[in-house]
Amino acid sequence: ELADLDEREKRTMMAQAWSEIGNEETKDSTTYWVQNLDSREVEEKILSESIVLAKDEQKLIPLRDLGRAATHLMTVGEEMPDLLFQMRQYGPVSHTHIKLNRKGELPKLNLRSYRRYDPILVAFNLPELDTSLHRTFFASLEKLAKVEKVLIIYLGSWDHLAYWKQYKGLMQVYYTGKRSQQLLAQGLFGGIPLTGTLPATLDETLAHRDGEIREKVRLGYSYPEKVGMDSEALRKIDDIVAVGIRLFAMPGCQVVVVKDDEIIWIKAFGHHTYDRRRRVRQTDLYDIASLTKITATSLAMMKMVDRGEMSIQDPVGKFFQNTYVQIDSIVRRDTRWGTRAEITPRSAAPDSAADVPIVMVSSRDGRRPPMDTVAIGEDSLMLIQTYRGGRTKRRASWHNVRLRDLLTHHSGLSA
């Protein structure tokens, strides 16, 4: 296709301009670089280097305080769904899209509606930048930049960059495709380093090789082969999770594979509960819960062992005076008991015991086990029974367990 050929020619010319292939001093090293990397890695390199942080006087990049729902993305012109989706993998980002009106003009901004945002990222994806046609819009944008922290991001030809020179924050991105948008989002949050520079001088404020450098400070999103892993092997995760959901081991889950500071595989499966009311999403947050055993307690214990403050041969009870555990119970009905013939896919109503999903479990004597979970197998399920309100005390069975055995159990490693 002629369009595809034009695009390939454009990429080749950009790669030549970026890597200075025409310079004899760099020609040999560039040829070696191209011949020793696969095409996907070459493309990643070119696209990453095509992101230029030309100005950042307010030090907005990389974006910080991810827990604050104040970051706002304003996309202008053609929509950029991949940019927005990738940004929301890092934290909450609100969004507005400004499109051309019936006259083919960009409308004037309502400045009041942007007062609660900090910062405001304005990403332009316009095939043609006619500043005279959109004079009203640009005038309102300049007013907004005087009272709020604004970063202009222009996706397209770098020769338009001089128009934005009066702004304190300015980024240039040469490509507008999906992967370019994903890398741009990572660059904004510090998932990739920003090392791109301008290919030529535009004026006294935007000179050749200008560009602020930013280090990688967070996990990035990449592909398995980049870190020496096999994409085909990781696809087996789908089969494993499918079996778990089918056997009611879990209503759903999210799997994330991280290697060498890169998220190389991420996928959400199923629902949050067995009643299938809410699907699992990649942006869902989870209580760390029992993971504190290995992410906090075990590490703290080993540090105390190194300091000589405890021994792994000590029993757990040495550090607890009370040998009884007080258990607070709650009133909740998630599932009820039944036979295989009674199992139905209908949804549960939390306040109605009659409408709670029926699940089949097995036990040797056919009676309900006195516990809140049942071992998982072909004919048994993990479930939550109905609790009655109140408190009870039980003697701690772990009182005489050695720390050595506890650590071995949680780590899965032999002592």
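In the predicted model, an open sheet is formed by six strands, which follow the order β1-β6-β5-β4-β2-β3 with mixed pairing. The edges are taken by β1 (51-56) and β3 (94-98), each of which has a single partner strand, so that one side of each is left without a neighbour in the sheet. From one strand to the next, the twist averages 15 degrees. Within this arrangement, strand β5 (residues 150-155) and strand β6 (residues 169-173) run parallel and are joined by four bridges, and I152 stands opposite L170 in β6. Helix α5 (residues 135-147) packs on the sheet, where it touches β2 (72-77), β3, β4 (120-125) and β5, and the direction of α5 makes about 155 degrees with that of β4.

A contact between two helices was also examined. Two packed helices are described by the angle between their axes and by the distance between the axes. For helix α3 (residues 39-49) and helix α6 (residues 178-189), the axes come within 10 Å and cross at roughly 60 degrees, which means that α3 is oblique to α6. The crossing of these two helices, α3 and α6, is right-handed. On the α3 side, E44, L47 and S48 take part in the contact, and they meet R179, S180 and L183 in α6. By residue class, the contact of α3 with α6 comprises two nonpolar, two polar and two charged residues.

Definitions and conventions
Residues numbered from 1 in each chain as written. Predicted model: local features only at pLDDT ≥ 70, side-chain atom pairs only at ≥ 80, totals over all residues. Heavy atoms only, no water. Axes fitted to C-alpha atoms, helices over the stretch in contact; angles between N-to-C directions. Parallel < 35°, antiparallel > 145°, perpendicular 65-115°, else oblique. Left-handed = near helix turned anticlockwise from the far one by under 90°. Contact = heavy atoms within 4.5 Å. Nonpolar A, V, L, I, M, F, W, Y, C, P; charged D, E, K, R; others polar. Pairing = 2+ DSSP bridges.
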